[in-house]
Amino acid sequence: MTLAVPGPVRPPGAAAALRRHWPLLPLAATVLFLLAPLPAGDATASGKVGPADAASLLLALVCAVQALRGRVRRLDPLGVLVLGAPGIGLAVATMTAGDPYAALPGFVRYLQVFVLVPAAVVLLVRDALEFRLAAGCFVVLGLVQGAVGVVQYATHTGASYQGEDIRAVGTFGPGDVMGMATVVAYGLIVATAAALAPGLSAKVRRTAGGCALVLVVPLVLSFSRGAWIATAAAALLVMCLAGIRRALAVLLALTALGVVLVGGLGLGSEMVAERLNSITQVSSAPDQSVTDRYTMWAAAESMWRERPAVGVGLKGFPAQRDGHSSLGLSSGSDTAGAGQAFVKQPLLSPHNMYLLVLGEQGLVGLLALAGGWAALLVAGLRRYAAARDRALRDCGLIATGLFVWQLTDFLYADIGGPSTVLTGVIIGLAAWWALPSTGLAGGRPADGPAAR
């Protein structure tokens, strides 16, 4: 009688991994398709569907198919309410708008970013490994776009800034000067959180720390004040959550890097200093961009006072802006460089997401959106504080850091441009961490934070 001796156990190959994680392909494509160069022009114009937007629609379709097959995470009623409430507010704002047909494109865009994409991410990402894969795409995107931005600064082929074509904008072009700064900041926050996470290997932490330091350079060269403020707030929170010792080490490294880049190499030192000083120049000689920003904030507040419950309707701000603005508002911002001729970019939003929602959707819309965001933030912080498994704390750091960055940036910016779709992905990752899961829809256990 011959006994069969089992051979060595081999790890699953690429084919097996692809079969298990294939629903993540549309999610990865939603992030990485933003590497594709965009045609010059107005990146914020409505009606443009980019490759990343198409991938997000495929992501929602895959989620629907997987839900029918019972292969998505199962949420409790609280999770369903938090994810679905924005849809109710959007429907009310659309139906009560002065021109519901004109508001319909805004309804579709908001539904995509704040309902469909976050829900798809929450339901499709089944475990910590898939969460890390999705977060890693942000680092790849930030590194590539940041490299393009640094080359633009070094070769004077970027967007126009103070008469020189040196502003780093990546492949987004001067029509979307916040695009590169946004994706680079996302990658920086993910890398910082991974570098500080106690459950990851030393090799991964060192690599992530190096990526974070590299991404500081293009973020500085973006000359984006809002991105700087949001990154500082999110990074500080991540460092505090990770521990005081780790926070001090990272702060020392970042300070040393800043001294070398700005002080030693003179990397845009005068322009960076001037940009930083302009943040506090609200009443004493502010530049025109600051004046326009606060004028539009006042216009959005005036629209809300006119219709406090439901606002003026989606896409109503551009149509009613002039009737609620003072004479200090300029006709638009000047954009040029990075392969584009001079273009006067119209000011179609108040550059404050909370005031935009308040003016167009009223208190109903603001409570539906911002109320859900506040609930996710509190639940995520509580889950991180109570988490006992060190192997999952990196997911909590990443999710919380990205979400805080987005909520802070919304004080100085709103949705618009190709990178807007990433807002939905970030809300989805934050909800994945914060919302409890009771397993898969088919009754099988889920390997998520709640299950562990």
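This report looks at the confidence, aromatic pairs and a few selected residues of a predicted model.

## Confidence along the chain

The protein chain has an average pLDDT of 83, and 79% of its residues reach at least 70.

Residues 1–5 keep a pLDDT under 50, and the model gives them zero contacts beyond four places in sequence. Residues 42–46 also stay under 50, but for this stretch the model has 12 contacts beyond four places in sequence. Where pLDDT is low, predicted coordinates should not be read in detail.

## An aromatic pair between helices H6 and H7

Searching the whole structure turns up 10 aromatic pairs. One of them joins Phe138 and Tyr186: the ring centres are 5.7 Å apart and the planes meet at 90°, so this is an edge-to-face pair. The two partners come from distant parts of the chain, 48 residues apart. Phe138 belongs to helix H6 (residues 128–155), while Tyr186 belongs to helix H7 (residues 177–196).

Tyr186, at 1%, counts as buried because the cut-off is under 20%.

Another pair to look at is Tyr354 with Trp373. Their ring centres lie 6.2 Å apart with the planes at 70°, so they too are edge-to-face; an angle over 60 degrees is what counts here. Tyr354 is partly exposed, with 21% relative accessible area, whereas Trp373 is buried at 6%.

These two residues also belong to a wider group. Ring pairs connect Tyr110, Phe114, Tyr354, Trp373 and Phe410 into a cluster, so a view centred on Trp373, itself buried at 6%, is a handy place to begin browsing.

Which ring does the charged end of Arg393 sit over? The ring is that of Tyr384, and the charged end lies 4.3 Å from its centre.

Is Asp394 buried or exposed? Its relative accessibility is 1%, so Asp394 counts as buried. Apart from neighbours within four places in sequence, Asp394 has contacts with Arg132, Ala197 and Leu200.

Note on methods. Residues are numbered from 1 along each chain as its sequence is written. This is a predicted model: local features need pLDDT of at least 70, side-chain atom pairs count only at pLDDT 80 or more; totals for chains, interfaces and linings use all residues. Side-chain values use heavy atoms; hydrogens and water are left out. pLDDT is the predictor's confidence in each residue, from 0 to 100. Contact means heavy atoms within 4.5 Å. Buried means under 20% relative accessible area, exposed over 50%, partly exposed in between (1.4 Å probe, protein chains only). Rings of Phe, Tyr and Trp (its six-membered ring) pair if their centres lie within 6.5 Å; planes under 30 degrees apart count as stacked, over 60 as edge-to-face and the rest as tilted. Helices (H or I, at least four residues) and strands (E, at least two) are DSSP runs, numbered from the N terminus. A charge sits over a ring if NZ of Lys or CZ of Arg is within 6 Å of the ring centre and within 35 degrees of the ring normal.
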